[in-house]
Amino acid sequence: MAEPILQTTDLVKRFGGLVATDHVSLSLVPGELHAIIGPNGAGKTTLVAQLSGEMAPTAGRVRFDGQDITDLPMPRRARLGLVRSFQITSICPEFSALDNVAMAVQARLGHSFHFWRNARTDPALIMPARRVLEQVDLAARADVPAGLLSHGEQRQLEVAIALATEPKLLLLDEPMAGMGREESQRMVSFLQTLKRRYTILLIEHDMDAVFALADRISVLVYGKVIATGLPDEVRANPEVQHAYLGDEAEEAAAAEAANA
Amino acid sequence: MSEKPSAFLSRRGGATTLCFAVLALIPPLAGWLHEPFLIRQFIQIMAMGLAAMSLDLILGYGGLVSFGHAAFVGLAGYTVGILDFHAGDGSLFLGLIPGTTNALIAWPAAIAVSMLAAALIGLVCTQAGGTVFFMLTLAFAQMVYYGFSGWTLYGSDEGLSMGGRSELPLLDISDNTNFYYFCFAVLLLCFLAMRAIVGSRFGMVLRGVRQNERRLAAVGVPTRPYRLAAFVIAGGFAGVAGILLANYQTFVSPGDLSWTRSGELISMVVLGGLGSLIGPVLGAAAYLLLRLVIGSYTTHWAVVFGPFLILVVLFARAGLFGFVVRGREV
Amino acid sequence: MRRTGLLLATILAVAPSAGWAADKIKVGLVTTYTGSEAAYGEMETDGFKLGLQHLGGKLGGLPVEIVTGDDENKTDVAIQQATRMVERDRVDVITGPALTTTLLGVNKITREAKIPLISGGPGPSVLAGRQCDPYFFSVGWQNDALAEATGQYLADRKVEDVYLLAPQIQAGRDMLAGVKRHFTGKVVAEKYTQMTQMDFAAEISEIQAAAPKALFIFFPAGQESNFIQQWNQAGMKDKVPLYTMNALDQANLPGLGDLALGIPIGANWTESIDAPINKKFVDDFVAAYGKIPSSQAAAAYNVALILDAAVKSLGGKIEDKDALRHAIKTAQFVQVTGKPFRFGVNNMPVEDYYVATVAKNAAGKPIMANPVVVLHDYVDVYAKDCKMTGG
Amino acid sequence: MLLVQQLLNGIQFGLMLFLMAAGLTLVFGIVNLINLAHGSLYMLGAFIGVSVQQWTGSYLWAVVLAIPATAIVGIAMEMSTLRTLYSRPRLDQVLCTFGLILFLNEIAKIIWGPASLRMKLPDFLNGTISFIPGLTYPTFRLAVIIAGLVVAGLLYVLITRTRIGMLIRAGASDRGMVAALGVDIKTLFTLVFGLGAALAGLAGIMAAPIYSVQVGMGDGIVILTLVVIVIGGIGSVRGALAASLLVGIVDTYARVLLPASVGQICIYVLMAGLLFVRPRGLLPANV
């Protein structure tokens, strides 16, 4: 197995008496699409915050691409290639879709202490940004202020912004949040096209999507990873079925067994 | 917002050109009306307008609510005034630096002082965001205010009177019309510079900071250095405005850097239109002319202006400039 | 286009009628109508108007137009008002500024514009010496001299030591320098406060601890009144005798009631000076405005008298500002104290300075009573430094 | 003795600031509004007090009537303008309340005139009191200290022991929760605002006999109050008390020990220094 690109060792986050992240050790190999699932309140958001650098862990380390990044803030991590998208759409609403993406390109190109040249006519920013918009099927909407895009389009833009930074690892925080069925399906097929080209850590609620996309799945319950493995292994894991899929699923499985 | 960018730009461009054209015609108009006072009034409008424009850079584009901007305006003014003072009696500033009335020395020094102060104050203030930023800028501005109001050598509360305007080679700015066109040129240059800045990569980051700071951090832009840089740049342009104001009055006083002056500057920016650069100049014109016109009918002009300001804030955020071009570039 | 139209309309609204008529004299009155020192503005306006009334509503035969401006006790505002009067209203002469602070601001404009400025009171040291200005006149007093009178009075009574307190402004420095000039005893301390300070608890505690034989204070009227009130509240009235100058007068005495009784005041004029012209002035003032005039009111009355004399000597031809200035300098008139008025070389008055004591008048109101001349026909110490150009 | 006396002066000034700061910080904590016009309420309290005294001839009546009157003005302010600002960006709040200052200053000028007015004290407050041999202190200033302490005590009880206080604390940290409790949140906000206004009015009426009462008297003090709030920790009443006393005492000593030119900067240097060490203030609110 190749050297893991992202690795956490015994990550712990406490809020007072509450343990939101409980000795989480994850490891992602380059090129894989790894999904994290878990019921509400399992600590997914807290985990993402620690991986992206918005929140400092109480204990444990995070390594990325051969470097300890535990103490680095979010922008530094992003420049190393660990880039996230947000569960709740986070765009610059007054900027056009193109501006939003160009901003990410600009960030990739290094510091922005350039004071004179007009950024909107700078081919170094605009060309790559247009390419990414084409990739996510938003080219036609490039000049529309992002705040006026539909919810689905905004979710696409959210991913496009992350892609434009040419990340080594994409941290997708519930990219399908709030989407309709059809939109979700489109997003799934889009993510399919990203698979293998990027290493992806997908945090998602939508089970169908996860099982359709993921190479490996980790299950987070009460801040603990209770299982990691291939989709089928995870699906079959009784502990997962009990803790995550709940009694209902167990009953269903039991009923299935009875019927058989 | 739905207008095509080209049409939109030309409309903005047209309005901006019109503003400058009107400003260029004020001196002949004043001559025609036999009203030299008009020239002086519009020098003040341009100088205050430039100060408001520089505030717009951080307020309108960067979303940084600074309530201490007048401090940077005043600091530059005081630098010019203090150098003039020492030139007058041949003494040394702090026993070290000789005074001068030469604009080529005094003015860069004044801008440097404003930028340096902005850097120091900004270093502390940009650490915090939002409310604390607002209160810190206010408090530091008060510190500067009390510093000068207690500095006996430079007139403390009574202010410091200059011997005359600074001396420029080739141009005699002690003449009001000359000085008017000089201010006009400075305003135009500063406007062009600031317009370039807000359109640049730096400007895009600055606007991004206002809209969604977290988003920028997530793509790898550490926002604080940019906020700080913007604060310093705005301080520098405020310094330019301060130089013009000090030369306009040939007098500087703590009143120039009081918090109410900062409040006036914010009012001008919002009145004219946030994030439009030229809008604040319109705002300054509106503010000062309203005060003059209403003030000539009643001394209680603030009774009208206070509620007017509130109404503009609540219902007409695009300001005067927005009223002219109907829309706002993003 | 709509906006351009609006702008033009505004400009036209701003512009007053052009040109000026030589058939009247336009007097700009810049003084303080707002804040703690607003009493000055009122006193001055009333004093000037009463003078005008006594002169039949005209100055040297010319009808008068008064333009007023509120300086809010701020130098920058005073400068703005003076600029407006010079450039927009085109006044012939400016008077008013009741405080040294604002006076110096206005002087900046009038000196440059070469328009006569006649002080309605203060005569700052900076305008009395080397930087004296041919276009500046004081028909009130020279700042230091008021305090010099008090200082002389303290010296005459062989008071051993004195504690000095004033705000950190030009007038404050003038006054304390004045007290020290003729005082022979020891100066316990010379303390300066912030210009706009209203609470003096800390200073009063300091003075209480220092236990001087005398305290001299100078503050503008509003602040002075605050100080005296707090001085009494702290029970200091009977412990350390308080001395001051005409910053304690009818501008603030009515509000203080009995609190100020017995305080000696250095002054160039008091309401109790026994001269027919003064009696008429005071009585008519009381009748017209329901209050006793203050030092500023008296000086403003002088302003009317001197302008009348000057314009008369010019036969109404006031367009030549240099001639007007000269006429003011050489104007012959009897000032409100009952003595012929005379300027020194520095355009400061050469006059008697008194020390009066606050006491009740027949109606039970506190007044500056029993004036005693301390300095006769006094030429201030700065006059020798003044080399006035243009005579 | 001098040191003790100056300490009392500092405490007296500090507690006056506290009356202002408590109201401002409460409003900030619960409705997240920066109200620059808080100083105008202080001014109105003083002016109303002077008017009442002119009618009735009594300082006590002035105190009794001016406080609720100021509260009513405050509530009117809240209901007419400020209410719409709660969800607005900071800039809007700052500007609108700045506009209010301009307006209220001018209104006061129209009603009470531009000249400053004086407030007279009744005889029993106008003397000195000697509570330790050798130490005399003005009775009125002592009364201010007592009033300040009493208010601090009442606020403590109000916030920690009563249902309203519980709601205030809850409202500061979680607005949704308070609404979920079935409390009319609008009324609560209005009440808190009224309370803040009443305290500002009390400060004004306490200040009136010491300072003179004039237009714009609140403009300076509101800035100082903001400094106090920042030092104390925004939204924290305990912090406001600690910071007020600190600022009052430092200001007093700075004024007598240092030349007038540097005295007033001290507070701001203190603030900058403190924030460097404790960016969230002395006693941050537990939000």
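## Strand pairing and chain contacts

In chain C of this predicted model, C:Lys58 stands opposite C:Pro63, a residue of strand E3(C). Strands (E, at least two residues) and helices (H or I, at least four) are DSSP runs numbered from the N terminus, and two strands pair if DSSP finds at least two bridges between them.

Residues are numbered from 1 along each chain as its sequence is written, with chains lettered from A and ligands numbered from 1 in the order of writing. Local features need pLDDT of at least 70 and side-chain atom pairs count only at pLDDT 80 or more, while totals for chains, interfaces and linings use all residues; side-chain values use heavy atoms, leaving out hydrogens and water.

**The sheet of chain C**

The strands E2-E3-E1-E4-E5-E6 of chain C, in that order, make up an open sheet of 6 strands with mixed pairing. Its edges are E2 and strand E6 (136–138) of chain C, each of which pairs on one side only. Among the pairings in chain C are the following.

| Strands of chain C | Sense | Bridges |
|---|---|---|
| E1 (residues 25–31) and E3 (residues 62–70) | parallel | 7 bridges |
| E2 (residues 58–59) and E3 | antiparallel | 2 bridges |
| E4 (residues 93–95) and E5 (residues 117–119) | parallel | 2 bridges |

**The interface of chains A and B**

Of the 4 pairs of chains in contact, chains A and B share the most contacts, a contact meaning heavy atoms within 4.5 Å. Here 37 residues of chain A are in contact with 31 residues of chain B, and the two chains bury about 3100 Å² between them, 63% of it on carbon and sulfur atoms; this buried area is the accessible area (1.4 Å probe) lost on putting the two parts together, summed over both.

Between chain A and chain B there are 4 salt bridges, counted where a side-chain nitrogen of Lys or Arg is within 4 Å of a carboxyl oxygen of Asp or Glu. A:Glu94 and B:Arg210 form a salt bridge in which the closest N and O atoms are 2.8 Å apart.

On chain A, the elements that give two or more residues to the side touching chain B are helix H2 (74–80), strand E7 (82–84), helix H3 (97–108), helix H4 (123–135) and helix H5 (151–164). H3(A) supplies the largest share of this side, 5 residues.

By contrast with this pair, chain A and chain C do not touch, their nearest C-alpha atoms being 28 Å apart, and no contact joins chain A to chain D, where the closest C-alpha atoms lie 14 Å apart.

**Confidence**

For the complex, the predictor gives an ipTM of 0.86 and a pTM of 0.89. By pLDDT, the predictor's confidence in each residue from 0 to 100, chain C has a mean of 90 with 94% of its residues at 70 or more, and chain D averages 87 with 94% of its residues scoring at least 70. Within chain C, confidence is lowest in helix H1 (residues 2–14), at a mean of 45, and highest in strand E9 (residues 215–217), at 97. Over residues 1–21 of chain C pLDDT stays under 50, and for this stretch the model has 33 contacts beyond four places in sequence.
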